Amino acid sequence: MSRPPSLVVIDSIQTMLCDTAGSSAAGGITQVRECVGLFLRLAKSTSVPIMLVGHVTKNGDVAGPRTVEHMVDCVLYLEG
């Protein structure tokens with residue numbers, strides 16, 4: 001008997017490729033936005049939480065399009 005996962009972790013969203021984003025490079029604005037949208041729809045349709053790990057820039061900002069921060073439920077900054 002197969003059980004669905006209780007959590008999915010994607011590390012990092014900037015390395016993912018999504019066919020719907022065309023031939024743009026991984027980490028590009030279109031790729032990141034489309035992949036986040038795909039994972040968002042997957043999480044909602046399966047009720048499985050998905051944690052997306054993303055890179056930060058040297059200035060401490062989330063790398064990639066700012067729209068990603070508005071698409072997710074929570075943005076956490078972890079320093080160590």
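**Figure 1. Pairing of strands β1 and β2 in the predicted model.** Strands β1 (8–11) and β2 (residues 50–53) run parallel and are joined by four bridges; two strands count as paired if DSSP finds at least two bridges between them. The path from β1 to β2 leads through α1, and this β-α-β crossover is right-handed. Right-handed here means that, with the strands pointing away from the viewer, the path from the first strand over the helix to the second runs clockwise. Within the pair, Ile 10 lies opposite Leu 52 of β2. The structure is a predicted model in which local features need pLDDT of at least 70 and side-chain atom pairs count only at pLDDT 80 or more, while totals for chains, interfaces and linings use all residues. Residues are numbered from 1 along each chain as its sequence is written, and side-chain values use heavy atoms, with hydrogens and water left out.

**Figure 2. The whole chain.** The protein contains two helices and two strands, in the order β-α-β-α from the N terminus. These elements are DSSP runs numbered from the N terminus: helices are H or I with at least four residues, and strands are E with at least two. The C-alpha trace spans about 45 × 35 × 20 Å along its principal axes. Of the 80 residues, 21% count as buried; buried means under 20% relative accessible area, exposed over 50%, and partly exposed in between (1.4 Å probe, protein chains only). Among contacts with a separation of 6 or more, 45% come from residues 24 or more positions apart; a contact means heavy atoms within 4.5 Å.

Figure 3. Ser 12 sits in the loop between β1 and α1. The peptide bond from Asp 11 to Ser 12 is cis, with omega near 10 degrees. Ser 12 is buried, at a relative accessible area of 4%. Not counting residues up to four places away in sequence, Ser 12 touches Val 53 and His 55.

**Figure 4. Gln 14 and its surroundings.** Gln 14 also belongs to the loop between β1 and α1 (29–46). The residue is buried, with a relative accessible area of 11%. Apart from neighbours within four places in sequence, Gln 14 is in contact with Ala 26, Gly 27, Val 32, Val 53, Gly 54, His 55 and Ala 63.

**Figure 5. Ser 24 in the loop between β1 and α1.** Ser 24 has a relative accessibility of 29% and counts as partly exposed. With neighbours within four places in sequence left aside, Ser 24 is in contact with Leu 17, Thr 30 and Gln 31.

**Figure 6. Ser 47 in the loop between α1 and β2.** Ser 47 is not a glycine, yet its phi is positive, at about 60 degrees. Ser 47 counts as exposed, with 65% relative accessibility.
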